[in-house]
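Morning, everyone. I have one structure to walk through today, and I'll go contact by contact. Please have a look at it first.

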Amino acid sequence: EAVLAPGPVRHRRRRAAQLARGEPTDPHLFEHRRLDGSVRLVEAYSTPVAFDGEQAAQTVLRDVTQEVAQRRELHRSEARFRQLAEQTSDFISRHDAEARYLYASPAAQRLIGHAPEDVIGRSAFDFIHPDDRARVRAQQVAALSGETVRFEYRLLHNDGHAVWVETTGRVFETPEGTFELMAATRDVTERRAAEAALRRERDLVATILDSVPGIFYLLDAEK
């Protein structure tokens, strides 16, 4: 077996100086070729010890090939996610189990009047209308139990007005074993206004028909 890439000379010299001072070395990675020809990524660190009255070093090696591959894939997935999130008109966000923002797409500025970086670390409930918070909390509990949820409520814009939105969300487990909520939120204010106007029109027609005496017939002009 052979070490393929022990690292830059300056790094090896720094680790040797750490051991000479009686300090443990910083963990470092290198590639190692096994007898079967496969290459593994190894993490190593050394601790100074005394052996037969002489100063020596105890080195611990750990195969991190799979761990590093998973981390790199996660980074690629996050990059793809951010690229898609920044292209959509929906407000895409990620939250921890306490509903704090971990990520907010640029659509946050348009929807609630806050720059994405201004909401990171804050609770989503800081931006939810007080009258809707209990209902949204119930949806959060449902999502944390494994359900995919979809619900409507009001967000508070930075200038003070309320915005009706629809959010679709679900929980996923991260490689670290924690749980995060992914949410897509869109403005439905105009849709709700149109639905309300249609209901008022139907109610008006029904009121007119109920108030006029007599019998009405609907006739087909072609018959």
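**Charges, hairpins and rings**

Start with Arg 40, which is partly exposed, at 27% relative accessibility. Keep in mind that this is a predicted model.

What does Arg 40 form a salt bridge with? The partner is Asp 63, and the closest N and O atoms are 2.9 Å apart. Arg 40 sits in strand β3, residues 39–51, and Asp 63 sits in strand β4, residues 54–63, so this pair ties together parts that are 23 residues apart in sequence. Asp 63 is also partly exposed, with a relative accessible area of 42%.

β3 and β4 run antiparallel, joined by 10 bridges. Within that pairing, Ala 44 stands opposite Leu 61 in β4. The two strands form a hairpin with two residues between them. Asp 52 takes a positive phi there, near 55°.

Now move along to helix α2, residues 65–87, which holds Glu 67. Glu 67 is partly exposed, at 33% relative accessible area. Its side chain makes a polar contact of 3.0 Å with the side chain of Arg 62. Glu 67 and Leu 41 are 26 residues apart in sequence, and their C-alpha atoms are 9.5 Å apart in space.

Back to charges. How many salt bridges does the structure hold? The count is 15. Side chains of opposite charge can pair when their charged atoms come close. One of the salt bridges joins Glu 23 and Arg 21, at 3.1 Å from N to O. Here Arg 21 is exposed, at 53% relative accessible area, while Glu 23 is partly exposed, at 32%. Another salt bridge joins Asp 126 and Arg 122, with the closest N and O atoms 3.6 Å apart. Asp 126 is partly exposed, at 41%, and Arg 122 is partly exposed, at 35%.

There is also a network. Salt bridges link Glu 152, Glu 166, Arg 191, Arg 192 and Glu 195. Arg 192 has a further contact: it lies over the face of Trp 164, at 3.6 Å from the ring centre. Elsewhere, the charged end of Arg 137 sits over the ring of Phe 125, 3.8 Å from its centre.

Strand β5, residues 91–95, and strand β6, residues 101–104, run antiparallel and are joined by three bridges. His 95 stands opposite Tyr 101 in β6. Five residues lie between these strands, and Ala 99 in the turn has a positive phi of about 75°.

That brings us to the aromatics. The whole structure has three aromatic pairs. One of them is Phe 91 with Tyr 101, which is stacked: 6.1 Å centre to centre, with 25° between the planes. Phe 91 belongs to β5 and Tyr 101 to β6, 10 residues apart. Are these two residues buried or exposed? Both Phe 91 and Tyr 101 are buried.

Tyr 101 also pairs with Phe 127, this time edge-to-face: 6.0 Å centre to centre, 75° between the planes. Phe 127 lies in the loop between α4 and α5, 26 residues from Tyr 101. Phe 127 is buried too, like Tyr 101.

Phe 91, Tyr 101 and Phe 127 are linked into a cluster by ring pairs. That's the tour. Over to you.

Notes: Residues numbered from 1 in each chain as written. Predicted model: local features only at pLDDT ≥ 70, side-chain atom pairs only at ≥ 80, totals over all residues. Heavy atoms only, no water. Salt bridge = Lys/Arg side-chain N within 4 Å of Asp/Glu carboxyl O. Buried < 20%, exposed > 50% of the residue type's maximum accessible area, 1.4 Å probe, protein only. Helix = DSSP H or I, 4+ residues; strand = E, 2+ residues; numbered from the N terminus. Polar contact = N/O pair within 3.5 Å; in protein donor to acceptor, adjacent residues only side chain to side chain. Pairing = 2+ DSSP bridges. Phe/Tyr/Trp six-rings, centres within 6.5 Å; stacked < 30°, edge-to-face > 60°. Lys NZ or Arg CZ within 6 Å of the ring centre and 35° of its normal.
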